[in-house]
Amino acid sequence: IEKDANANKIIKEDKCQIENCSQCAEDLKTCISCQYGFGFDKNSGKCIKCSDSHCSSCFDDYTYCTLCDYKYGFENKNGVKTGKCKKCSDEFCDNCYNDYTVCNRCISGYGLILNQETSTWKCEKCSDNCNTCSDSKTCTNCKSFYGLSVQPDGSTICELCEQEKCSSCDFNIKNCTGCVLRYFLSKGEDDLFKCNKCGQFCLRCTSENVCTGCEYYFGIHKF
């Protein structure tokens with residue numbers, strides 16, 4: 001780190017004589033930067049552990065937090081941060097770093113609730129058979145055997161794949177993108193992919209005659 005010409009030379013942490021100080025001045029008695037999780041006491045100049053138990057960073061003032069722990073966000077009063085951390089108010093919220101009452105991202109399986117296409121910053125469970133969703137109306141990943149389907153109202157839900165032995169069918173439930181064991185993808189005359197059966201004793205294959213993984217007690221024989 002560079003300082004101006006009138007500033008003391010910075011000494012590395014291993015030479016500092018001040019407890020919990022990461023960088024100190026040449027006199028070894030003046031701390032320039034505290035360790036992570038500690039902040040300055042403006043009266044004593046010492047580095048003291050952040051006063052808020054859920055604060056990750058408070059470098060400039062140990063009583064004022066600048067970064068809260070995971071799943072915690074800042075308390076705000078009249079639009080101004082108090083420097084205190086509180087647990088996200090929504091139990092299904094994964095990230096509320098800027099305001100504990102405003103969720104930015106929900107935990108897996110939940111999405112932000114929309115009200116007339118505007119986020120309410122609250123979480124609710126994704127639609128049926130959906131693994132992840134960006135909001136309550138938009139699924140982004142479906143469970144096995146289901147595919148994404150855009151509805152007339154613009155929402156995206158999960159519907160059962162139509163093709164037999166199909167394990168996934170992204171954005172077109174008639175078009176298979178993955179097959180269960182013992183089956184392989186093959187394009188049909190209608191240009192849609194379907195699942196066809198592998199050869200005898202074969203678990204995984206790229207075609208009926210090309211096996212890449214056999215059942216127990218069997219091995220691949222190359223001709």
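Trainee: How far apart are the mean positions of the positive and negative charges of the protein chain?

Mentor: In this predicted model, the mean positions of the 27 positive and 31 negative charges are 4 Å apart. Lys and Arg count as positive, Asp and Glu as negative.

Trainee: How many salt bridges does the structure hold?

Mentor: The structure holds 5 salt bridges. One of them joins Asp 94 and Arg 105, whose side chains meet at 2.9 Å, N to O.

Trainee: What makes the pair of Asp 94 and Arg 105 a salt bridge?

Mentor: The cut-off is a nitrogen of Lys or Arg within 4 Å of a carboxyl oxygen of Asp or Glu. The N to O distance for Asp 94 and Arg 105 is 2.9 Å, so the pair qualifies. Asp 94 lies in strand S10 (residues 93–95) and Arg 105 in strand S11 (residues 105–106), so the bridge ties together parts 11 residues apart in sequence.

Trainee: Why is Asp 94 called buried?

Mentor: Buried means under 20% relative accessible area. Asp 94 has 12%, and therefore counts as buried.

Trainee: Which residue forms a salt bridge with Lys 86?

Mentor: Glu 75 does, with the closest N and O atoms 3.4 Å apart. Lys 86 is in strand S9 (residues 80–87) and Glu 75 in strand S8 (residues 72–77), so this pair also ties together parts 11 residues apart in sequence.

Trainee: Is Glu 75 buried or exposed?

Mentor: Glu 75 has a relative accessible area of 15%, which is under 20%, so Glu 75 is buried. Lys 86 stands at 33%, so Lys 86 is partly exposed.

Trainee: What links Asp 61 with Lys 42?

Mentor: A salt bridge, with the closest N and O atoms 4.0 Å apart. The two residues are 19 apart in the chain: Asp 61 is in the loop between strand S6 (55–57) and strand S7 (67–68), Lys 42 in the loop between strand S4 (38–40) and strand S5 (47–49).

Trainee: Why is Lys 42 called exposed?

Mentor: Exposed means over 50%, and Lys 42 has 66% relative accessibility, so the word applies. Asp 61 has 19%, which is under 20%, so Asp 61 counts as buried.

Methods. Residues numbered from 1 in each chain as written. Predicted model: local features only at pLDDT ≥ 70, side-chain atom pairs only at ≥ 80, totals over all residues. Heavy atoms only, no water. Charge placed at Lys NZ, Arg CZ, Asp CG, Glu CD. Helix = DSSP H or I, 4+ residues; strand = E, 2+ residues; numbered from the N terminus. Buried < 20%, exposed > 50% of the residue type's maximum accessible area, 1.4 Å probe, protein only.
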